[in-house]
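Q: Hi, I'm new to this one and would like a quick tour. Can you put it on screen?

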Amino acid sequence: EESLLYIFYTMPLDLRQGLAAVQLYKKNWRFHKAWKRWFVPNPKPSSENNHCKYFVFDRESWEKRPYDGPTQGLEEGLLHERDLQYITAKAQALAQAQAQARPANAPAPGAAAGAAGGPAP
């Protein structure tokens with residue numbers, strides 16, 4: 001999950017961001033559109049985690065923690081599957097447009113360099 005969250009937050013407007021969001025969604029994480037945060041339901045509320053209903057991924061401390069903030073508007077603001085499909089389709093279209101605009105011999109963004117650290121053959 002942490003790797004997916006890293007991809008999501010560090011690769012904005014990239015197809016990988018959309019793909020990471022899809023995988024997070026499959027793991028029951030939900031993105032709040034207005035608050036720009038990922039939430040996951042707490043499967044076992046207990047006194048140890050303050051009986052919270054959700055966990056939130058805190059970007060500042062880079063950890064999943066019990067959510068103890070306001071709950072009004074929380075569930076209403078979560079991204080729905082249809083929204084996620086739309087966003088992913090836009091990311092795929094953007095990636096295709098970028099690939100078509102790139103010269104045929106240019107490496108893809110993020111492509112690994114050769115073993116010696118120079119350009120790939």
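A: One term to begin with: rings of Phe, Tyr and Trp (its six-membered ring) pair if their centres lie within 6.5 Å, and planes under 30 degrees apart count as stacked, over 60 as edge-to-face and the rest as tilted. This is a predicted model, where local features need pLDDT of at least 70, side-chain atom pairs count only at pLDDT 80 or more, and totals for chains, interfaces and linings use all residues. Residues are numbered from 1 along each chain as its sequence is written, and side-chain values use heavy atoms, with hydrogens and water left out.

Q: Ok, how many aromatic pairs are there in the whole structure?
A: A search turns up 12. One of them is Phe-31 with Trp-38: the ring centres are 5.2 Å apart and the planes are at 55°, so this pair is tilted.

Q: Are Phe-31 and Trp-38 buried or exposed?
A: Both are buried, meaning under 20% relative accessible area, while exposed is over 50% and partly exposed is in between (1.4 Å probe, protein chains only).

Q: And what kind of pair do Phe-39 and Tyr-67 form?
A: Edge-to-face, with 5.0 Å centre to centre and 90° between the planes. Phe-39 is in strand E2, and Tyr-67 is in the loop between E4 and helix H3 (81–101), 28 residues apart, so the pair links distant parts of the chain. Helices (H or I, at least four residues) and strands (E, at least two) are DSSP runs, numbered from the N terminus. Phe-39 has a relative accessible area of 0%, and Tyr-67 counts as buried at 14%.

Q: Switching topic: what order do the four strands of the sheet have?
A: E1-E2-E3-E4, in an open sheet with antiparallel pairing; two strands pair if DSSP finds at least two bridges between them. Strands E1 (30–32) and E4 (63–66) are at the edges with a single partner strand each, so one side of each has no neighbour in the sheet.

Q: How many bridges do E3 and E4 pair over?
A: Four, in the antiparallel sense, with E3 covering residues 54–58. Val-56 faces Arg-65 in E4.

Q: Which residues touch the most other members of the largest nonpolar core?
A: Phe-8, Tyr-9 and Trp-38, out of 17 residues. Such a core is a set of buried Ala, Val, Leu, Ile, Met, Phe, Trp, Tyr and Cys residues joined through side-chain atoms within 4.5 Å. A second, separate core has six residues, including Phe-39 and Tyr-67.
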